[in-house]
Amino acid sequence: MLTMKNVSKVYQTEMVQTHALRDFDLEVKEGEFIAVTGPSGSGKTTFLNIAGMLEPFSSGQYMLDDVNVGALSDNQRADLRNQKIGFIFQGFNLIPDLNLYENVEVPLRYRGIKAAERKKRIEACLEQVGLASRAKHLPQQLSGGQQQRVAIARALAGEPRFLLADEPTGNLDSLMARQVMELLEQINRDGATIVMVTHDPELARRAPRNIQIVDGQVADLTLYQGVARQTDRAVVGG
Amino acid sequence: MFLHYIDLGWRSLRRTPTVSFLMVLAIALGIGITMTSLSVYHMMSMDPIEQKSDRLFHPQLQTMDDGNDTWSEDNLPFQLTYQDAQHLAQAPVGRYKAAMLRTGFTLHMENSDVRPFIQNARATHADFFNLFDLPFIYGSAWTQEQADDASPVVVISEALNDKLFGGRNSVGEQFFLDDTAFRVVGVVAPFTTHMKFYDVNNGAFRDHENLYIPFSLIAVMDIDTWGNSNGWKFENIRSMKDKRQSEIFWLQFWVQLDDDAAVKQYGEYLMGYMAEQQKSGRFNRENLQFGLRNVNDWLDYRNVVSEDNEVLVALSFMFLAVCLANILGLLLAKFMRRAPEVGVRRALGASKRQVFLQHIVEVSMLGLIGGLLGIALAQLGLWGVRLTQEYYSPLATMDMTMLLSAPVIAIAACVIAGMYPAWLVCRTTPATYLKTQ
């Protein structure tokens, strides 16, 4: 589904060149649930942004569903993002002026879906995250966990095949984090491919596949995988 | 999607009421001042007789002997002498033609219902009403016979008919102009323009006359002008007869020439006329010269819309530009503060174009609200002009064109001011703000 080959991302200022990703290789198959870990500044978020086409990469090749992302225009990337990718952010990123219904509606409007169909999908998604009764509430009237569930509903509303989550439980207490994780697992079982960046080893262990990014590259996990085989558990970086 | 953008724009304006109010106030002030000066300018510079302004011509004759100057830009006298006006009125060329001058009388009635009052009048030929498309409400212009006989007949304006006769058909009624009894032969509809384009000598925006009398009465009643008289050489003028036979310029003249051939033919006639006059000792000059300008050229030539007015309009647009600069600053601050939300929208599939349009719709709404408020301020400004500048009173008004232009100008101005902030915010890299929200 997602293939990155030798993808590099260089942030260039007048004085300094920063290599956020270097020769980054990764293949994500349909239906996978991958936890991405790594130390701060290792390039996890840059990888996620490039995967979500939120920022361009400097070199290499990125194919999403056999589409060469590097060859797309900005508008084509926006379309593809809208069609195939759902985002869940650590800070929820709900639009404060819009109520829950309207927040979930945002990606559907950009996709040009008709009002009746939008309504059906929004109600179903809010139902799925347990917030149907709060559709008219504003985000600030909800707890952090509830807001993240709205963000998940918004990500799901477009029926994406690919869900990118950037520390989705980072701002939540452990109980809410567990609930959100269970929701993600359910979504994955329903068929969506999920790539989740996290600092939380416990959450990472719950993902069937882990990758670690160190210095802008996927770290060699051979050693860790060996340990994992012995302990039947995946070992991840902090 | 457009309605959705309007909804978003409205929410955005409500979200920051103080900034929104400041922006609306800025655009309203800019539009108010611009529309005040622009409305006056528009009324001043509009074509006063659109349907035939290119077919009505004011001739000028260079009657001055060589070596004499007048103050016009081409050294041609603005007005005609009586004798030239008389001759041109009888010329075999030109569809309609009328010589004219502004004069006035004390008007009084036989009964004491209406107190005597001074009334401006225009002595002219009967073609005047055809030339300027003035329809008759009652009666008609005087006949050729009445003109030839210098009969004391008069055409009055609708306003005067209302004042003297309560608006009824007054044809056949009489009143006195000074000591002469005049009989009403017609009541004419008012001019549709505030501009007295046919006689700009004493201000192009004075009221039109309410009385029209036959030109032939000038000689019979020794009528003098209430307008300008200009001479270029010493002449011993002891009577009105002397003035009529003099080289003094004191009459206006208009002729309708329907096509280029007629214009050419009329020019040839004028040259022939001047050559003929040379034989009788007039036009002592080497080169004969005439002027023939249509209405709009004539108004340009006479500087009816002075440069001062144009400068005023330019200044008011500069003020609008200053307002827009302020709006631009406020929009920049407001839009860039919203960059994180734009980042989310971009992440959720909004294209740059959609984000740009969303913000342009919002600034257009600002423009619309500011424009409507600006119209109210402009009305206030025009009221002030009417109150303090009597001469401009008829012009200090907004016609439908200006009323419709105000919001269009306001929206266009706001869109121009909002382009850069909208472009800047739509270029936001979504990823930049998603982490920092």
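These legends describe close-up views of a predicted model. Residues are numbered from 1 along each chain as its sequence is written, and chains are lettered from A and ligands numbered from 1 in the order in which they are written. In this predicted model, local features need pLDDT of at least 70 and side-chain atom pairs count only at pLDDT 80 or more, while totals for chains, interfaces and linings use all residues.

**View 1. Domains of chain B.** Chain B is assigned domain 1 (2-47 + 306-434) and domain 2 (63-288), with bounds that come from an automatic or database domain assignment. Taken over C-alpha atoms, the centres of these two domains of chain B are 49 Å apart. An unreviewed UniProt entry annotates residues 20-266 of chain B as "domain: MacB-like periplasmic core"; UniProt positions are given in the numbering used here, feature names are shortened, and annotations may be inferred rather than shown by experiment. Residues 20-266 of chain B are 28% helix and 23% strand, and their end C-alpha atoms lie 62 Å apart. Helices (H or I, at least four residues) and strands (E, at least two) are DSSP runs, numbered from the N terminus.

**View 2. Strand β1 of chain B.** In β1 (residues 56-61) of chain B, 6 of 6 residues are buried. A residue is buried if 20 or more other C-beta atoms lie within 10 Å of its own, exposed if 12 or fewer, and partly exposed in between, with C-beta atoms placed from the backbone. One face of β1(B) holds L56(B), H58(B) and Q60(B), and the other F57(B), P59(B) and L61(B). Strands pair if DSSP finds at least two bridges between them. β1(B) runs antiparallel to β9 (residues 252-256) of chain B, with 2 bridges, and is also antiparallel to β10 (residues 290-294) of chain B, with 5 bridges. F57(B) stands opposite V255(B) in β9(B), and its bridge partner in β10(B) is N294(B).

**View 3. Two loop residues with positive phi.** Most residues other than glycine have a negative phi. E159(A), in the loop between α5 (144-157) and β7 (162-166) of chain A, has a positive phi of about 50 degrees. E159(A) is partly exposed because it has 15 C-beta neighbours inside 10 Å. D178(B) has a positive phi of about 55 degrees and lies in the loop between β6 (174-177) and β7 (180-188) of chain B. D178(B) counts as exposed because 12 other C-beta atoms lie within 10 Å.

**View 4. The side of chain B that touches chain A.** Here 21 residues of chain B are in contact with 21 residues of chain A, contact meaning C-beta atoms, placed from the backbone, within 7 Å. The largest share of this side of chain B, 5 residues, comes from α12(B).

Terms used: Contact = placed C-beta atoms within 7 Å.
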